[in-house]
Structures are given as C-alpha cells and as structure tokens.
Amino acid sequence: MIRVSFALLMVGLTAAQALAAESNKTLFPAVQPDAGTLTIYSTTDLAAIKPLIEDFQKSSPDVSIDYNEYLTNELNALASEACRKQEPLGDLLLSSSVDQLLKLANDGCAAAHTSPETLRVADWANWRDEVFGFTYEPAVFVYNRSKVPPAEVPRTHVELADLLRERLDYYRGRVGTYDIRLSGIGYLLAFNDARQTTTVFGRLLESMARASAVARCCTGEILEEVAKGNLYIGYNMLGSYAYDAAQRHPELGVVVPRDYTLVLSRGALIPKGAQRADLGARFLDYLLSERGQSVARTNAFYFTESGELPPGVDGPQNLKESGVAQPIRIGPALLAVQDRAQRQRFIEDWSQSLIELNSPAWTRE
Amino acid sequence: MRPEPLQHGPSLFGRLARRISFVLFIGAALLVTAAWYYAETAANKAYDRLLVGAALQMAESLSVEDGILTARLPTSAFELLGLADRDRIFYRVIDTHGQTLTGYDDLKTPTPLERAQDPLSVEEGVYKDEPVRIAHATRILADPAVSGRAYVIVAQTNEARLALTRELTLRATILVFIMSLLAFAGAMLAIRYALQPVEQLGTEVRGRDPHDLTPVTVDVPRELDPFVSSINHFMGRLNERVDLLQRFIADAAHQIRTPLTALTAQIDLLGTGKLDKAGRQHFNRVKERTSELSRLTNQLLSHAMVIHRADSVQQEPISLVDVARRAYRVAIPVTVDPDIVISFEAPDDRPFVLGDAVSLREAIVNVIDNALRHGTDQRLEVRVRATGTQAFVEVEDDGPGIPPESWEKATQRFATSKSHEGSSGLGFAIAQEVANAHGGTLSFRARDEKGFTVVLTLPLYKGVAK
C-alpha cells in the first residue's frame, strides 16, 4: 500500500527529487524467534542509527527492524498522505525536520505515549507526549583544513559572511549548504536563522549568493565534497554527521558558531493506529533511555545537552552554559514554519537570492 | 429505680443531623456546580483572549504586496497560542474573494463569516472530530488592487481550558467540602448544646425520689415550658390523689380504731370462766387476732402520720441519742420477758441530725418492736454511734435474722416471711420511709456470731445544735 501511494506521489515530485527519493530499505532481522517487525520510517542516516538499532536488539533480541530511510520532505509527504487516508505509515517516524512531525501531530496523526523514559525528556523537546526530541544536534560550519587557512576559519555567522565577501573569488562556488527546496531540515534551519537575526542572515544569504554557493539535498553530499576539497566550506551542517565525517576525514574541521548556534532535536513520533505501536514505543523508550542516550553520545550523534563538546570541535566549551545554544523548541511555534504560504514565500525569497540572482552565467563560466 | 426503655422513635438529634446533612449536601452540590460553571467561564475567558490575540496578530500580518494579498503569519501568534501548551492549533486565512490563502482549507466558523456581524467572534465548534474554540478576526482592506474583507479563523482544542476548569473546580470543591464539614460539625455541636436541657430535665425527673411529687423546678428553655408544666400538672394531680388516698387510709384506720378499742374491752370483759377447753382456745385466738388488728391499725396510722409529717413538718437539728432513747423506752413494754437482756448504748458526743423527732422516734420504735417480736431470743441491743459524716442507730438481736435474699422484700409493706406469726409487716416500711425522708437509709447487716443487726443511717448535722 505504501509502495502504491509512494509511486503515486512520485509522479508529483520533481525529477531531482525522484532521483534522490530511492527508498533505502534495510532489514535488521531478530536474533531470536520473531516477536514482530518494527517498521521505522526515518530521515536519519543508516550509519548513525545503526549502532542504536544493534544495541536495541541486544536488549530486545526478539524484534526485527525494518528501517526505511528517506529525505525529510519525502517522508513528510508520505506520512501526511498516509494519515489523510488513515493508513498509518510504519510504527515509528524519526525525522530531523521536527516542524513536519509537529504538523503531523497537530493534524491528529500521532499517538501519545507516556512512560518513565518520556518523563526524562526536557519540556522544550516534548509536545503533547506525541512528538519527542531524542537528540541534541547543533548546526555547525565545516571546512576543509587544507583549503581554508587557519586565520580565515569563520567562527561566527558574521565572520562567514565577511569572509565570503572579502575572498569572493577564492570561495566562489566552494560553499555548500542545504537546498531548502528539497530538504526540510535545511528549510527549518534557514527559517530559524532568519528568525534569529534578520540582518545577519540577509547578509550571509547575500554573500553566499554572490559566492555562488552550492545547494545540495543532503548533509552527506556536502560533507563528502568538502572532505574531497571540491567544496571548502559547508554551512548549517548537522553537527552529528559533520563530526562523524570529521573522524573519518581528518582534513574536515568542525566549527560550532560562537554568536549563536541553532540546536536541533531530532524528533520521533508514533503514528496513530500504527500496527505495532507497542514496538514503536519500545524503541522510542530505548532511544530516550539512559542506555540509548549513552550509545547515541558515543556512536551516533556525539553532542549532548549537558556535556562538553566532543574533542576536536572548534567552539565554546559547553554549549548550554555558554548561552550560545538556541534549541529549536518543539512546540506550536513550528506551525508557523510549516505554514504553506510562509514556506512558499520563504523558499521563493531564498531561491531568488541564492539561485537566480546567482545567475547561470557564473556557473557556466 | 430505672424505667424500662420506651419504644424509641428516631432521636431528635438523629433527625436534625439527617436533615442538616441533607441540606448541606444539596448546598455543597449546588456550590460545586456553580464553581464548575464559573471555572469554565473563567478558563474560557482566559484562553479566548489568547485565541483572539493570535487571530488579531495574524490579521494584522496581512498585507498587499505587488497587488497581491500576502500573509506573513507571525511566529509570535503561534507562540501565544502555545501558552496552552498541549492544545492543537488550526487556522485559516481567507482572502477578499473567499479563497483560502493559507492554513486548513476546511476550517469554518460555526456561524458563516458573511453573516458575522462583529469583526471578532469566539464560538464553540468541532474540527477534525475534536471540540474546539473557534475565533475569527476580520481585516478590512482598502488597497486599490485588493479591497474588501479578509478573514482569519483560528481554532484551538480545549485541553488547557479543561485542565484549568478542572483545577479551579477541584480547589473550589475542596473549599466547599471543608466548609461543609465545619458547618456540619458546628451544627452537631449546636444541636447537642440545644438538646442539653432536655437531657437535664430527664436526669432531674429520673433522679427524683419516687415520693417527691413537688413541681419540677429545672431551668428549661421556653420551648420546653409546655412539657415541664404538663409534668408538673400531672404531678400535682397525682399528689392530690396520693394525699387523698393517705387521708382515706388514716381516716379509715382512725374510724376502725374506736370500735376496735371497744371490741378489745368487750373481749377482756368476756372472761374465760364459762368456756370449755375448745372454747378457751377459740377465745385466745380471737384475743390474739384482735390485738394484732389493733397493732396494724396503729401502724397504719403511724405510717400515715410519718408520711404527712415528711411533707409538712420543718426539719430541725435534734439529738439522735435523745430520740433513740425515747423510742427505746416506748418500744420496750413493761411486760417484757425479764429473761431478755436489753441494753441501750450511746456515745458521749451526742450526734445531731437534721430531722423530725416524732417521725424518727416512730421509725426507731418500729425497728425495736420488730426485733422484739420476731428476732430477740435472749438479748437485744440498741446502739447509737457516729462517724465523720453519718450517724447510726443499730438494733441488734440474737435471733435468726433475715436471710440476705429477703432483705429487699423485708422493707416492702405487708411482706414478711413470718406472717403466720401475726406480723403486720409495716414496721420496716415505716422505718425506711422515714430514713429516706431524712436522706438516710435503712440497711441490714448479715448475722454474725453476735447477732443480726438493723441499721438506720442518717447524715450527721454539721451546724451548731440548739
């Protein structure tokens, strides 16, 4: 059924999206006789979630997990379509684009879940016991150490804007960021950037446009290109992925901005009427539990709300204490982000400044 | 003397308690309902302000850009609504042509917007099967390109309102409950207090001497006056009847005495000379019976006198020794068997008691007479003695005495185990009557090796004797 709706949906998607929308389906079979299959629809990279799933199966060896990975917007489209038809999508949705999850919950597509574990979740990361934030991920800058001289490494948003302005020719076409038309998380971060400081964001956007910034669908692609040296700087990358990449590619540098750092909490939601809502709740409880959090800290998402930054990351000692962190609150305010007129206009403005103004002539050159 | 419990109706206290608790319960229920109603109104008012505020903010954000109506919904409007942190939010912006600009296309106000008079409204409604509050705000646009009315509809689920209503109602309920408890406890105390005079009256009437038929003189609330005067009226009538009866007995005894004296004289005159043995026997029997009858008549008169005096004679301090000695002299006839050892023993300090000398003498005479007739074999001893608070007249004889199981019966009128011996049985009754009238008692001490004792106990007079 999902396949069918997905196929139908595909028709409406742009060619670019269609290319990227290939479902990444992975099955983690149960170690012991099967108690059932937990179907997760997620936007989290398989590499990041894998340690968590494997550890979960150590404590619940009777659960098979069917893990489906999508881009945030695709997942949102699938989930809202499924909710409209009242055919719940999987047993657990994990998305970094929490605004989309919140919209789903607001539309009545989520089932509430309370347990001792959910009580541990901070207020700002829990809405109606339906949407839970289970990670703490700052939006960071990444740069290639061999391409960006140490003196030029930007440590605030203003420094980045100024750097692109001053060394326009050097960085032309070498800065990468999310394509917010394709990536929900990119849109969420950009929108919150705009809310944070209108002027700085305007300047940054203008600088990036002039420097012909490259927009990509996903963090992974940009990180790879920065690591290779095709791109020099990546803007608004998810800290967890960036740090993971930096460990594999020593030439990657990670900077946590010192003026303000948006912090995203990856959201989890159990769809209303999910067939194995019990398994979904079990995995959710695991994610929120002490054990799950500690595995996430060491192997999956690296950053935590209370602890220090992981070693090798350039930034304030402790995100929370420095007051730099600006967590994106999981609450009704995100509905403003999801307002379709708002979204349309914001994306139009963004595209105009970044893509169109940055005329094709630059890139063809 | 304890009266048998009557057939009880529900107690006055119980009836009042039930009615008061019923009234309190109804009152509390009404108050809680009212509290719930007010709480709901208050919660609705509070959250309606947020709703209208958000709608106004959104309406304010509408602007015409390049001839097109655009909505830049402010995040603050959603944050305002987010103050009700668990409630779902639905909104819709409608442009001047009635087309949805953004938001939920199927969200409608219960009253169609075209008919809405006020630019602002808040109503109850249902959206997505959930009860919601729906507010709308109107923005009148007068731009050359876009003119007319644009609307913003904002709806919010009721969770926060319900939670606030519940909390307020719960607190009010706790207060009402505490107040009801206090009121109930207070009412119970008040009822107890108010019913105390009834209890007191009961105790007073119950604690009365059975022979006391004087009016009840307890202070009672006005409401009990009819009851008390009924009792007093009844007692008065009873008293009259008893007086009448006593007078009748006294009159009868007196009337009997005259012919009886004549009869005795006649019998004495009759002599026994001409009678044969059987006749003499009959004659003696008649003589015996006649003297018994005359004694009974005397006792009846004495009894009537004692009762009369108890009611009418002012008590005064008297020396118990003097009274007892006089009685002793009266009671021991000259013809007493000279073999019997008779003694009178008195302390030197001459104890005084408050009383009527005549009645007391009569009582002691009766006790001694009784002992002489039925008890004494060889010895009779009359003793007066006193302790700190009481004075005693003890009459001890060496006869068989009365077994303890018959003590109670012995003081009843005309009751004696030896009636065939010619007892009238009024002696102890008279003595006890007198003892009671003097606030004392008549009691028996079981037979020991010396003998059987009848004790008349009287309270010692503390004042100075004349």
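Let's start in chain B of this predicted model, where five strands form an open sheet in the order S9-S11-S12-S14-S13, with mixed pairing. Strand S9 (341-345) and strand S13 (441-445) of chain B stand at the edges; each has a single partner strand, so one side of each is left without a neighbour in the sheet. If you look from strand to strand, neighbours are turned against each other by 15 degrees on average, direction ignored.

Inside this sheet, strand S11 (residues 379-386) and strand S12 (residues 390-397) of chain B run antiparallel and are joined by seven bridges. To find your place in that pairing, pick out Leu380(B), whose bridge partner in S12(B) is Asp397(B). Helix H6 (residues 320-331) of chain B packs on the sheet, where it touches S9, S11, S12 and strand S14 (452-459) of chain B. The direction of H6(B) makes about 165 degrees with that of S11(B).

Now move over to chain A, whose secondary structure comes to 17 helices and 15 strands. Of the 365 residues in chain A, 50% are buried. Among the contacts in this chain between residues at least 6 apart in sequence, 81% join residues at least 24 apart.

As a reminder, strands of a sheet pair through backbone hydrogen bonds, either parallel or antiparallel.

Is Ala194(A) buried or partly exposed? Being buried takes 20 or more other C-beta atoms within 10 Å, and Ala194(A) has 17 such neighbours, so it counts as partly exposed. The C-alpha atoms of Ala194(A) and Leu205(A) are separated by 9.8 Å, with the two residues 11 apart along the chain.

Next comes the interior. In soluble globular proteins, nonpolar side chains tend to be buried together. The largest nonpolar core in this model has 152 residues, and Val175(A) and Ala242(A) touch the most other members. Helix H1 (residues 12-60) of chain B gives the largest share of this core, nine residues. Leaving aside neighbours within four places in sequence, Val175(A) is in contact with several residues, including Leu164(A), Met208(A), Val214(A), Leu231(A) and Ile233(A). A second, separate core of 44 residues includes Ala327(B), Ala371(B), Ile402(B) and Phe452(B).

Finally, look at where the two chains meet: 16 residues of chain B are in contact with 14 residues of chain A. On the chain B side, the elements that give two or more residues are strand S2 (68-71), helix H2 (75-81) and strand S4 (100-103). H2(B) provides the largest share, four residues. Sorted by class, this side of chain B has six nonpolar, four polar and six charged residues.

Note on methods:
Residues are numbered from 1 along each chain as its sequence is written. Chains are lettered from A and ligands numbered from 1 in the order in which they are written. This is a predicted model: local features need pLDDT of at least 70, side-chain atom pairs count only at pLDDT 80 or more; totals for chains, interfaces and linings use all residues. A residue is buried if 20 or more other C-beta atoms lie within 10 Å of its own, exposed if 12 or fewer, and partly exposed in between; C-beta atoms are placed from the backbone. Two strands pair if DSSP finds at least two bridges between them. Axes are lines fitted to C-alpha atoms, for helices over the stretch in contact, and angles run from 0 to 180 degrees between N-to-C directions. Two residues are in contact if their C-beta atoms, placed from the backbone, lie within 7 Å. A nonpolar core is a set of buried Ala, Val, Leu, Ile, Met, Phe, Trp, Tyr and Cys residues joined through C-beta atoms within 7 Å. Ala, Val, Leu, Ile, Met, Phe, Trp, Tyr, Cys and Pro count as nonpolar, Asp, Glu, Lys and Arg as charged, and the others, Gly among them, as polar.
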